[in-house]
Amino acid sequence: MTPVVQLDGVGHRFGSAANGVAAVSDLDLAVRRGTFTTLLGPSGCGKTTTLRMIAGFIRPTSGRILLEGTDATDTPPERRNIGMVFQSYALFPHMTLTDNVGFGLRARRRPAAEVRKRAGEALELVGLSHAADRKPGELSGGQQQRVALARAVAIEPSVLLLDEPLSNLDARLRVQMRQELLRVQRETGLTAILVTHDQDEALQLSDTMVILNGGRLEQQGDPRTVFPAPANRFVAQFLGYDNFPEVPGFGPVTIRPEHVRLTAAVTGEEAATDSVELAGTVADVTYQGSHCLIGVDTAGGRLNCVHPGDDFRPGEAVRILLPRHRLVELADAHTPAGAR
Amino acid sequence: MILRRPLLSLLSAIAFVIMLGPVVILLGVAFTAGSTLTFPPEGLSLRWFAAALEYRPFIDSLGTSLVVAVLSTAAALALGIPATLALQRGAVPGKAFIENLFMTPIIVPELVLGLALFQQLMVGFNITALGTLVIGHTVLLLPYTVRVVGASLALADPRLEEAARGLGAGPVRTFFSVTVPVMRPGIISATILAFITSLNNVPLSLLLTGPGVATLPVEMLNYVQSSFDPVVAAVSVVLLALSVAVALLTERLVGFNKVFGR
Ligand SMILES: Nc1ncnc2c1ncn2[C@@H]1O[C@H](COP(=O)(O)OP(=O)(O)OP(=O)(O)O)[C@@H](O)[C@H]1O
Ligand SMILES: [Mg+2]
């Protein structure tokens, strides 16, 4: 099946070729119909730039962009049939919600009756039918976000682009809107690409997550594949694998703090075969109620552990067990640029 | 309110008296039946308005003033709106510098500006007094149109135009259905501000008046230099009424709150 969006070695440099900034470099990406893709990465890694190139607001300085299989690198945004949701919502302040949502259909010169009907349906989809005649200024942030979504969905775009749509909302509303977003995407069957720097958001929403760093692709795939097996140190760090210990008999590895097990050094139980064993000294203990965050110094570096219980104190000697199946071997030994 | 914040109320009251007191006195003098500029007036009459109407220079200069105000306001908008659009939305190199350049007429003393224009345009190029007046006022008003329209654009989300383009509107449709409405409050306030500023200007007009061509404020100044009777007060009231009328008309048409508030 032809990908809805395909990037072929796409790059963008701001400024001159000599002393500009490469915001995105040599990016390949294929987005399948009806899927939810997230672009994930730290601030400044080129997520917005990538999205704006797909939308046509900026032109790639290298590579091609294909939409529905045809080269759209030079197609202006108004002819790409793309629904964009901006972080700042960008609702037209002088129009009612109905007029905002109907804008794209009016631009397509659809009959007034059809515009009104479909704008109404889109508003209903996001639960705002009752506010159809209000202006955006009279709505809360969450409601404005819904209108922005309805406006983008109303044109039945071939792809829905969302640039950190939830980052202006408070934590509770954000979680609620994530569900809402997923529901709308599933109900409409739309192809969606969402930009975020929140890994929880990416894990929850994605069919495919694409992790960027410094304008380059680090890893992509289904969250259930990527999360347990980060390919390199950058991805691991970004996904919360805090430990990069030197383990005898292994190359570069990582392990999540919640997978590190601690026991008292004195118990002298038999060596576990399914775990790698290290010796260390407790360096600090942070009490968190249900568990403690414990930093342990070992010969192979500092290890952070999530430990159920509050039975260790700084200075105590401990045995550290790293379950073999939780150790993730990394492709790179060096620290990539950007992973500080 | 008054009891709660006595100091604030007192200060506001003083400010009102200082600002409006002279206006009230002027109004009184204009409607006097007597023949001196004294307050309180000696009886009420419209005789000084009638006298003003019979004094040709006032009527002629009022016409000149209105023509100059209308033309220079229109010209300042026609030049200022595209300029501010380019500055706010376009990728203009040296933006800050150009922005400051548009502000210079505010900084340069008007008399200096007037003298320069007089030298270059009237003497140098033989442009008529009326033409020079319109050009001079346009220069004077340009900072207002650029700034005020620019402010409404700067307040708006720069992504609005992109949103419209993304939704399928071409550049022209985007301009008329999004950019223009966004600028509208700014355009309206710039129009009022520019019109009133032109109508009441003295320093610049003073230097650009030629034989038989003067604006109303300049003619009033001339009049006061030779005679001192309530006619000037009556004319002042007319000028004041005109300014207020422009403001009220706008208020009726669009609502002041929409123009100056948000
Ligand atoms: N208009 C511009 N001119 C010059 N450089 C730019 C411009 N826009 C972005 N950049 C640079 O390009 C890089 C990528 O920016 P981009 O906005 O795509 O990052 P992002 O991943 O969206 O970051 P964030 O999470 O902070 O939104 C950054 O280094 C940024 O400084
Ligand atoms: Mg961004």
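Trainee: What ground rules apply here?

Mentor: This is a predicted model, where local features need pLDDT of at least 70 and side-chain atom pairs count only at pLDDT 80 or more, while totals for chains, interfaces and linings use all residues. Residues are numbered from 1 along each chain as its sequence is written, chains are lettered from A and ligands numbered from 1 in the order in which they are written, and side-chain values use heavy atoms, with hydrogens and water left out.

Trainee: OK, how many salt bridges over all chains?

Mentor: The count is 24, taking a salt bridge as a side-chain nitrogen of Lys or Arg within 4 Å of a carboxyl oxygen of Asp or Glu.

Trainee: What does Glu78(A) pair with?

Mentor: Arg165(B), with the closest N and O atoms 2.7 Å apart. Glu78(A) sits in the loop between strand 5 (70-71) and strand 6 (82-85) of chain A and Arg165(B) in helix 7 (residues 159-166) of chain B, so this pair joins two chains. Helices (H or I, at least four residues) and strands (E, at least two) are DSSP runs, numbered from the N terminus.

Trainee: And is Glu78(A) buried or exposed?

Mentor: Buried, at 17% relative accessibility, whereas Arg165(B) is partly exposed at 22%. Buried means under 20% relative accessible area, exposed over 50%, and partly exposed in between (1.4 Å probe, protein chains only).

Trainee: Switching topic: what surrounds ligand 1?

Mentor: The shell includes Phe14(A), Lys47(A), Thr49(A), Glu164(A) and His197(A), where a residue is near if one of its heavy atoms lies within 4 Å. Helix 1 (residues 47-55) of chain A gives the largest share, three residues.

Trainee: Which side chains come up to its oxygen atoms?

Mentor: Among them, Thr49(A) has a polar side-chain atom 2.5 Å from a ligand 1 oxygen. For Lys47(A), a side-chain N or O atom is 2.8 Å from an oxygen of ligand 1, and for Glu164(A) that distance is 3.2 Å.

Trainee: How much of ligand 1 does the protein cover?

Mentor: It covers 60% of the 640 Å² of accessible area that ligand 1 has on its own, using the Shrake-Rupley method with a 1.4 Å probe.

Note on methods. Polar contact = N/O pair within 3.5 Å; in protein donor to acceptor, adjacent residues only side chain to side chain.
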